[in-house]
There are 4 protein chains.
Amino acid sequence: MHLQAHAANEAPSLSERFAAVRDRTLALCAPLEIEDYGLQSSDFVSPPKWHLAHTTWFFETFILLPYAPGYQVFHPAYAHLFNSYYETAGTFYPRPQRGWLSRPTVAEVKRYRAHVDAEMRNLLRQLPGAHEHDIVSRVTLGIEHEIQHQELLLMDTHYNLAHNPLHPAYQAPVHIMGNVPGVLTWSAYRGGLSAIGHAGEGFCFDNERPRHQVLLRDFRLANRLITNGEYLDFITDGGYQRAELWLSDGWQQVKARNWNAPLYWQQDADGWQRFTLSGLQPLDLHQPVANLSYLEADAYARWAGKRLPTEAEWEHAAASLALSDSFLESGTLQAQAATGQGLTQMFGELWQWTQSPYTAYPGFHPLPGTLGEYNGKFMSDQWVLRGGSCLTPEAHLRATYRNFFRAADRWMYSGLRLAEDA
Amino acid sequence: MHLQAHAANEAPSLSERFAAVRDRTLALCAPLEIEDYGLQSSDFVSPPKWHLAHTTWFFETFILLPYAPGYQVFHPAYAHLFNSYYETAGTFYPRPQRGWLSRPTVAEVKRYRAHVDAEMRNLLRQLPGAHEHDIVSRVTLGIEHEIQHQELLLMDTHYNLAHNPLHPAYQAPVHIMGNVPGVLTWSAYRGGLSAIGHAGEGFCFDNERPRHQVLLRDFRLANRLITNGEYLDFITDGGYQRAELWLSDGWQQVKARNWNAPLYWQQDADGWQRFTLSGLQPLDLHQPVANLSYLEADAYARWAGKRLPTEAEWEHAAASLALSDSFLESGTLQAQAATGQGLTQMFGELWQWTQSPYTAYPGFHPLPGTLGEYNGKFMSDQWVLRGGSCLTPEAHLRATYRNFFRAADRWMYSGLRLAEDA
Amino acid sequence: MHLQAHAANEAPSLSERFAAVRDRTLALCAPLEIEDYGLQSSDFVSPPKWHLAHTTWFFETFILLPYAPGYQVFHPAYAHLFNSYYETAGTFYPRPQRGWLSRPTVAEVKRYRAHVDAEMRNLLRQLPGAHEHDIVSRVTLGIEHEIQHQELLLMDTHYNLAHNPLHPAYQAPVHIMGNVPGVLTWSAYRGGLSAIGHAGEGFCFDNERPRHQVLLRDFRLANRLITNGEYLDFITDGGYQRAELWLSDGWQQVKARNWNAPLYWQQDADGWQRFTLSGLQPLDLHQPVANLSYLEADAYARWAGKRLPTEAEWEHAAASLALSDSFLESGTLQAQAATGQGLTQMFGELWQWTQSPYTAYPGFHPLPGTLGEYNGKFMSDQWVLRGGSCLTPEAHLRATYRNFFRAADRWMYSGLRLAEDA
Amino acid sequence: MHLQAHAANEAPSLSERFAAVRDRTLALCAPLEIEDYGLQSSDFVSPPKWHLAHTTWFFETFILLPYAPGYQVFHPAYAHLFNSYYETAGTFYPRPQRGWLSRPTVAEVKRYRAHVDAEMRNLLRQLPGAHEHDIVSRVTLGIEHEIQHQELLLMDTHYNLAHNPLHPAYQAPVHIMGNVPGVLTWSAYRGGLSAIGHAGEGFCFDNERPRHQVLLRDFRLANRLITNGEYLDFITDGGYQRAELWLSDGWQQVKARNWNAPLYWQQDADGWQRFTLSGLQPLDLHQPVANLSYLEADAYARWAGKRLPTEAEWEHAAASLALSDSFLESGTLQAQAATGQGLTQMFGELWQWTQSPYTAYPGFHPLPGTLGEYNGKFMSDQWVLRGGSCLTPEAHLRATYRNFFRAADRWMYSGLRLAEDA
């Protein structure tokens with residue numbers, strides 16, 4: 001897969017960014033068979049077709065309907081079918097049954113997209129002055145929203161294909177640079193007051209605000225992510241058999257789901273294999289370990305005598321770094337082995353579990369109205385991940401970005417960086 | 001849909017019958033979108049694509065592999081993916097997850113069919129003398145097996161599409177003859193010894209054998225099926241609210257699943273509608289009531305002061321009748337209202353619940369080997385239905401045919417004929 | 001435990017029989033600790049205290065309230081708490097939660113019993129002429145009902161105690177006669193018309209009526225029940241690992257519940273043990289195998305190349321036999337090894353699975369009113385057992401008696417007798 | 001219930017404290033019927049008898065076995081039966097089945113207690129010098145552990161009795177002082193660095209350590225808990241029907257469990273009632289609202305335009321307060337209405353939800369060995385409550401105490417205090 005990054009000298013306009021993100025969603029679907037678009041192999045994944053339609057519904061509902069005079073919805077039932085979870089925007093079709101919607105067909109969903117895109121282009125060409133600010137805000141949010149669904153679409157596709165005994169690949173095997181990571185080293189940080197969270201003009205989600213002071217203690221951060229080889233040591237040392245290494249919730253999962261390795265690992269006569277978007281491959285010991293739950297990351301850290309970083313520690317360390325790792329644009333869809341000196345793999349590669357539950361920043365206010373449901377209502381019993389992954393486009397990321405998942409989730413591109421008290 | 005019945009003067013050869021049934025399966029799929037082929041909206045239905053592949057696997061496994069010298073399987077994983085439930089034929093992919101198999105694609109499954117069809121044609125062209133009898137028996141069984149799956153494919157498609165709020169139709173609305181059934185009348189039969197079950201040369205399933213004597217008491221059989229209008233009277237009279245009308249198992253289902261009408265009925269501002277393979281339609285009060293469970297049929301009969309027939313009574317009455325109702329060949333895919341005198345709607349239209357649990361006939365022996373799993377192992381806690389439906393091709397039916405489902409099943413084309421003691 | 005059988009020269013009066021059965025229920029509870037009375041270790045068992053109260057409610061509801069002028073209920077909430085499943089008698093407390101009712105206490109329930117018993121004695125002393133027949137019928141039914149609950153109380157207590165790792169015994173070990181059963185032999189019967197079902201004056205349940213003709217084929221019946229030793233041969237021969245021996249429903253249970261032996265068997269370093277009402281004991285190879293499901297009985301028969309008898313065959317053979325085996329009165333609460341010639345172990349010892357689903361006899365009519373719910377509404381997906389067990393008092397049994405359970409049930413005292421075609 | 005508080009002039013010795021806590025556990029059980037001791041009406045509650053035994057097992061396992069030379073366990077199976085969740089201490093009997101253990105009987109468990117108490121007295125009389133410090137630490141922990149189980153025992157008993165339609169009372173109605181709380185007022189606190197957590201010599205749990213600095217912003221704390229009357233306003237205003245007031249997890253619970261009021265509230269013809277340990281009583285509008293989940297507390301706060309306090313804010317405000325509200329010693333087992341000026345109801349009455357997920361303090365280290373499982377392994381997806389309740393003895397509480405439950409739990413004595421940004 002080759003995804004052209006924007007390479008102009010000047011920043012793209014909102015229209016251009018809108019067009020680019022909409023095109024990329026379709027480009028990401030190009031390797032799929034029609035049969036793949038409807039797949040939903042678990043309650044927590046959505047069919048690719050549903051992602052195509054839902055992101056379109058987002059623009060239709062939050063921008064065209066309120067701001068495009070005379071806009072006619074493409075189909076009256078789609079508000080019900082493609083609303084995800086916005087309770088105040090009406091009813092929605094049950095999430096676990098999204099895979100039952102063979103209709104609308106892929107072709108029809110693409111017509112829906114084309115219809116909305118055309119109307120959006122019209123609107124963006126001549127922004128109504130009275131609502132310009134709102135429209136720009138919402139289109140920007142819609143673009144970032146669609147990028148999030150691009151990553152979900154790939155995660156979900158990975159998960160769906162993994163359940164097929166034929167091991168179908170989303171894309172051909174890619175060339176992974178054969179870096180050999182060095183021994184784990186530590187970057188030290190002094191404690192004290194530090195500010196985290198987003199401020200200023202650029203886009204951010206409401207949950208990154210307000211910027212506020214936090215109190216840090218002296219800490220050290222591992223210079224790179226834990227590798228598959230290092231994680232294999234944990235397994236070999238009985239990691240999945242020793243209750244004392246686990247949170248109680250973790251040990252329950254280990255027993256209930258028979259966990260004995262991260263998601264997508266399987267052991268056969270040829271040793272450990274890993275199912276990737278390029279199909280089943282021998283486990284690469286140098287790549288960072290991916291697709292593990294918070295519960296596994298926590299157990300590994302306890303086994304290693306370390307801990308996970310807090311999100312404040314992570315952001316403090318990341319704030320001054322330039323984004324420089326592998327993103328979606330690389331096309332590999334796999335995290336690369338670490339290379340280089342200093343703090344590496346902070347952005348791209350894999351989202352990094354923190355030990356911070358996902359809660360509101362002090363003074364947090366969700367967006368007004370229905371869009372306030374975007375982030376705020378999920379602030380219970382989820383955990384923050386930071387940094388981005390090889391499925392995330394570079395422009396989507398920043399040091400203040402807060403991703404969040406359940407402690408037992410494993411299908412996102414999550415990885416593990418250690419921390420310790422200084 | 002128009003399905004050409006065989007119209008030759010002479011009986012078709014085995015090769016011709018094989019080719020015809022294989023073609024008809026594909027013809028039945030013609031109205032489907034690619035997206036529909038993978039749908040599985042419940043554990044008990046299978047995706048159309050799976051039916052296409054499984055029926056092919058049946059010929060490959062039970063005929064080509066043992067009898068076609070040097071036959072190479074099309075794909076080594078298909079034995080696992082497309083075995084349904086034959087424990088002695090190897091492992092099988094979990095039934096509830098058949099909808100997760102986006103691959104092989106529809107196109108690939110059609111290639112699989114073409115591959116097996118070609119090999120079958122070769123084999124049938126020159127039957128190896130030593131095994132001729134076995135091959136003919138098994139091909140005949142394979143043909144009848146595929147016919148059963150054609151009916152399943154349509155039932156399953158009906159069920160799948162019913163879960164889509166868009167109410168997609170499998171075919172355009174069909175012309176249903178507007179018969180107005182007369183008042184219910186009764187045909188009387190004298191008791192005594194009677195023989196049921198299959199004997200002689202023609203094909204039958206093992207569960208129809210051996211022909212044996214049964215003792216009947218005087219009984220009467222209703223001349224036609226109960227209509228939607230008559231069933232509506234039961235509903236209006238509080239049928240779904242009165243525990244005393246129901247078997248204990250039935251009342252549990254009513255409460256647990258909130259049953260208040262047969263499957264596919266829904267009440268809206270315009271009154272009762274029914275979802276059919278031609279989409280949502282106003283309930284036709286003259287058509288026979290369809291898609292009800294044994295538990296509902298039994299409750300209706302109790303409410304009416306009657307009972308359901310035993311399978312022996314049904315067969316005794318049907319034995320002398322010619323097949324003369326609506327079958328798959330009519331293309332309506334809906335049961336027609338009754339017309340005419342005497343005992344009507346005995347074949348075609350709708351399968352008819354009997355009060356007989358599905359058990360072995362005295363002296364029953366299943367087929368030898370793996371094919372013995374075809375029928376015998378299901379002889380517990382299922383109930384016999386007789387007669388056939390408008391989804392069944394005429395040639396598939398005979399008076400001795402025993403269909404069977406669970407008491408709470410409703411997605412097959414089941415109907416209800418009353419009986420009473422004389 | 002020693003339970004005094006009635007030994008008078010003349011038949012006891014209804015009052016005497018009422019008093020005797022009420023006393024015996026309490027006597028059966030004597031070995032229990034207060035803590036045992038409230039136990040419910042599965043949805044399908046009931047706490048002993050609940051049996052004590054429910055049988056009392058039966059007399060209160062169906063006899064005292066309609067026929068004892070001015071009768072005041074003992075407690076207004078008990079109609080809700082102690083109705084079992086009579087939908088037309090009002091609401092009932094959820095069955096799976098019977099174990100949550102610490103109140104009324106055991107002492108209070110005994111007061112409830114005493115209250116109802118006193119009122120019943122008054123009523124029976126001077127039967128109101130107008131309702132004499134109804135009262136006698138209902139009291140007789142109430143007595144038989146309480147006897148059934150005595151057996152349930154012991155079955156449930158067995159099941160409850162079995163879940164306690166301390167292996168508590170209901171009673172001290174009993175002396176079991178060390179019979180050594182001879183080799184299995186067969187009694188042959190000629191086919192033809194035979195009558196089964198109850199006729200005449202004595203008590204029977206509605207489901208034993210009407211007496212009617214059935215058509216039998218020549219058959220043979222094993223002279224005794226299958227022993228633990230014989231069943232162990234089935235296990236040793238891979239019985240629980242060979243899918244081809246099982247009904248599909250059976251194989252599902254084997255896998256889902258990890259069945260590898262009958263209920264209450266466990267294998268440890270000392271070999272096979274069996275948990276009995278006298279605690280854990282070494283498996284006695286000569287005793288008949290007990291506590292197996294229909295699905296296991298059926299698999300054993302298939303493995304042995306035989307089949308289970310039909311209920312008509314069983315009754316035909318049993319009709320002329322005197323009751324002569326071990327009943328509740330023996331106090332052993334264990335089935336004895338067979339001894340003697342000819343057809344043995346037909347009554348008492350263990351209920352015997354038949355291959356007959358539990359359905360209505362032709363012409364069956366349930367009792368009128370609420371008592372019609374006693375038997376008829378359970379006529380779906382259950383199977384008939386015949387003969388009685390060592391938990392059943394002798395006077396409760398007769399050749400026409402039809403017991404019934406689900407195919408997967410194992411906690412009743414069920415056993416296995418083989419049959420074959422002649 | 002009257003529970004004598006310790007009233008001596010000098011601090012009680014460890015032996016005295018041990019004896020007092022052991023006695024009080026039995027005293028708390030005095031109102032129970034034998035039948036109540038085995039009740040377990042949900043997976044998350046334990047039978048009172050189990051609490052009696054488990055607290056005894058704790059002393060036996062962690063003190064007598066390692067430190068009392070030659071100690072013989074009372075019963076070899078109790079280690080399995082009465083271990084709660086200490087994975088590294090051996091196997092344990094399944095928690096959801098604790099209600100199935102009719103044996104050991106209550107009398108036997110009391111013998112177990114007496115046996116261990118006697119051995120403990122011996123040990124405490126002559127502490128072996130080498131282990132004195134460890135023993136004192138562990139006995140102290142065992143005492144606090146038993147106090148926690150006293151509160152659980154009362155919570156669980158409340159829950160168990162609530163499921164009985166007879167509404168049995170644990171104790172007679174108590175006199176509740178009829179305070180009328182004034183209008184809600186606010187105490188303001190200045191932000192800055194503050195220290196929370198335990199330091200120094202007195203007992204605390206490992207999760208209260210280490211004392212560390214936190215950064216607070218200016219905030220205000222409501223002077224009292226929210227009352228039933230105020231919570232009723234939320235209900236009347238559609239609180240349980242308005243999705244926008246709820247966290248996503250909360251709204252799911254509302255729909256899945258049909259929540260429409262706090263636990264133990266019920267509405268009948270006489271208006272709102274509340275089931276208390278003194279039975280069903282009219283809802284007292286002045287008492288603080290109790291038995292609500294985090295999800296409900298959070299929704300109320302959002303509706304009120306406020307928020308919940310963080311645990312650091314709570315502790316900062318509470319640190320300088322003397323304990324002065326109603327504790328277990330009052331014997332009311334109900335929270336009293338607020339009275340007085342300033343910050344009230346901070347200790348006793350009801351545990352107070354904070355918006356803080358339960359996580360490790362920076363530098364946290366669990367106790368060594370098996371006792372390290374006491375608190376640390378539960379640090380995921382639970383929430384901190386502070387302050388104590390009317391079921392907690394006063395001596396058990398302190399400002400640094402961290403209680404924790406799941407967001408959806410409601411059976412503990414939880415209440416709700418609001419906070420807001422200054």
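**From one loop to the chain pairs**

Ala30(B) sits in the loop that runs between helix H1 (14-29) and helix H2 (48-67) of chain B; helices here are DSSP runs of H or I with at least four residues, strands are runs of E with at least two, and both are numbered from the N terminus. This is a predicted model, in which local features need pLDDT of at least 70 and side-chain atom pairs count only at pLDDT 80 or more, while totals for chains, interfaces and linings use all residues. Residues are numbered from 1 along each chain as its sequence is written, chains are lettered from A and ligands numbered from 1 in the order in which they are written, and side-chain values use heavy atoms, with hydrogens and water left out.

Is Ala30(B) buried or exposed? Ala30(B) has a relative accessible area of 60% and is therefore exposed, since exposed means over 50%, buried under 20% and partly exposed in between (1.4 Å probe, protein chains only). From Ala30(B) to Leu184(B) the distance is 154 residues in sequence and 39 Å in space, taken C-alpha to C-alpha.

Helix H6 (residues 228-236) of chain B is largely enclosed by the rest of the structure, because seven of its nine residues are buried. The buried residues of H6(B) are Asn228(B), Gly229(B), Glu230(B), Tyr231(B), Leu232(B), Phe234(B) and Ile235(B). Their cover includes strand E5 (265-268), strand E6 (271-276) and helix H8 (294-303) of chain B. After H6(B) comes Gly238(B), with a positive phi near 85 degrees.

The next topic is the pairing of chain B with chain A. Here 29 residues of chain B are in contact with 29 residues of chain A, where contact means heavy atoms within 4.5 Å. The two chains bury about 2,400 Å² between them, and carbon and sulfur atoms give 63% of that area; buried area is the accessible area (1.4 Å probe) that two parts lose on being put together, summed over both. Glu35(B), Trp100(B) and Arg103(B) supply 31% of the area that chain B buries against chain A, more than any other three residues.

How many salt bridges are there between chain B and chain A? The count is two, a salt bridge being a side-chain nitrogen of Lys or Arg within 4 Å of a carboxyl oxygen of Asp or Glu. Asp36(B) forms a salt bridge with Arg103(A), and their closest N and O atoms are 2.5 Å apart. Eight residue pairs, both members at pLDDT 80 or more, are in polar contact across the interface of chain B and chain A. A polar contact is a pair of N or O atoms within 3.5 Å; within protein, one must be able to donate a hydrogen and the other to accept it, and residues adjacent in sequence count only if both atoms are side-chain atoms. On the side of chain B that touches chain A, helix H3 (78-82) and helix H4 (106-125) of chain B each supply at least two residues. By class, that side has 15 nonpolar, nine polar and five charged residues (Ala, Val, Leu, Ile, Met, Phe, Trp, Tyr, Cys and Pro count as nonpolar, Asp, Glu, Lys and Arg as charged, and the others, Gly among them, as polar).

Two copies of a chain are related by a rotation about an axis and a shift along it.

Chain D and chain C form another pair, with 29 residues of chain D in contact with 29 residues of chain C. About 2,400 Å² is buried between chain D and chain C, 64% of it on carbon and sulfur atoms. Asp36(D) forms a salt bridge with Arg103(C), with 2.5 Å between the closest N and O atoms.

Finally, chain B and chain D do not touch, their nearest C-alpha atoms being 15 Å apart.
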